[in-house]
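This report describes a single protein chain for a reader who is new to structural models. Please keep the sequence and the structure in view while reading.

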Amino acid sequence: MASGLKKDDVVILRLDGEELKEFSQSPSFDSQMLSIFNEMKCNNSTESMNNCILMALEKLTVDHGMPPVSDSWVFSNVVEPALQSVSRDDKFVPVSEEIFLEEFRKVVNKILKKLQEKPLIIAHSETNIDGSGIKTLLSDKNELRKTLALVWKDLTKDDNKKNSVFLRAALDRIFELAELPSCYASDQIDAVMNANEKEMVKEEEFKETMTEILKKIMQQLERNPILMTSNSVVHEPMNSSTNLNSPLSLSESE
């Protein structure tokens, strides 16, 4: 299981509906879900009730006892059947807080019953990206120079040196070679990339630009670290007679 999740520690979780039930019955359930509801602005949009509930489910994590909705197996076998319990799904009628809570609770109850019947095993990993990996790369001048040379050679084969697209591909390749988690898919990293958008013509200019970008990303991450989570789901639900030594089929959702 851990081989697909790189160097990060892996926690094996058994989701059997108990954590989700505890959350749904907790005093904070209504306030947390209404906060999510207002954040999504469903009451001011033409989103259907089903879509609002689905977006809210995506906000829940394994800490709430919820398997990853982004996993296709989980969606098809757990979430989608539960959504069929929604009785009011008219996209032309604004969704109110009261109705949302009522319908959302129905769906959560259906999901937790499904998990009680057939628990899921989740391989869960968390990575706090704080810029330390980039700092290590920048401090090793020889390794940095070698990495940038390899990236330039790889990405200029097709003679495509077009500004931000090229820079993003270069950044992704640098992270891959240095075994760093890819973390530029965020607003703060986008700002750094956009500010350095230009056409790369010479290798030295490319190396200087990428070094500067890496420094800025490192500084951004030191100020505002990014927490990345990864969940690998065993697609065959486990019951009490399951042999834990048998082969498991996993898929990763991030």
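## Aromatic cluster

One aromatic cluster is formed by F23, F29, F37, F100 and F104. The number of aromatic pairs comes to five. In general, the distance between the ring centres and the angle between the ring planes describe such a pair.

## Confidence of the model

The model is predicted. Its pLDDT, the predictor's confidence in each residue, averages 78 over the chain, and 72% of the residues score at least 70. Confidence is highest in helix 1 (residues 18–24), at a mean of 95, and lowest in strand 4 (residues 250–253), at a mean of 48.

Residues 1–5 have a pLDDT under 50, and the model gives them 13 contacts beyond four places in sequence. The pLDDT is also below 50 over residues 240–254, a stretch with 31 contacts in the model beyond near neighbours in sequence.

## The largest nonpolar core

The largest nonpolar core contains 38 residues. Within this core, the residues with the most contacts are M33, I53, L57, F100, F104 and I111. At least two core residues come from each of helix 1, helix 2 (29–40), helix 3 (49–59), helix 4 (72–83), helix 5 (97–117) and strand 2. Helix 5 gives the most, with eight residues.

Which residues does M33 contact, leaving aside its neighbours within four places in sequence? M33 is in contact with F23, A56, L60, F100, L101 and F104. Among these contacts, F23, F100 and F104 also belong to the aromatic cluster.

Helix 10 (residues 203–223) has 21 residues. From its first C-alpha to its last, helix 10 reaches 30 Å, close to the 30 Å expected at 1.5 Å a residue.

## Paired strands

Is strand 2 (residues 120–129) mostly covered or mostly open? Strand 2 is mostly covered, with eight of its 10 residues buried. Strand 2 pairs with strand 1 (residues 10–15) in the antiparallel sense, over six bridges. In this pairing, L15 stands opposite L120 in strand 2.

Notes: Residues are numbered from 1 along each chain as its sequence is written. This is a predicted model: local features need pLDDT of at least 70, side-chain atom pairs count only at pLDDT 80 or more; totals for chains, interfaces and linings use all residues. Side-chain values use heavy atoms; hydrogens and water are left out. Rings of Phe, Tyr and Trp (its six-membered ring) pair if their centres lie within 6.5 Å; planes under 30 degrees apart count as stacked, over 60 as edge-to-face and the rest as tilted. pLDDT is the predictor's confidence in each residue, from 0 to 100. Helices (H or I, at least four residues) and strands (E, at least two) are DSSP runs, numbered from the N terminus. Contact means heavy atoms within 4.5 Å. Buried means under 20% relative accessible area, exposed over 50%, partly exposed in between (1.4 Å probe, protein chains only). Two strands pair if DSSP finds at least two bridges between them. The expected span of a helix is 1.5 Å times one less than its number of residues. A nonpolar core is a set of buried Ala, Val, Leu, Ile, Met, Phe, Trp, Tyr and Cys residues joined through side-chain atoms within 4.5 Å.
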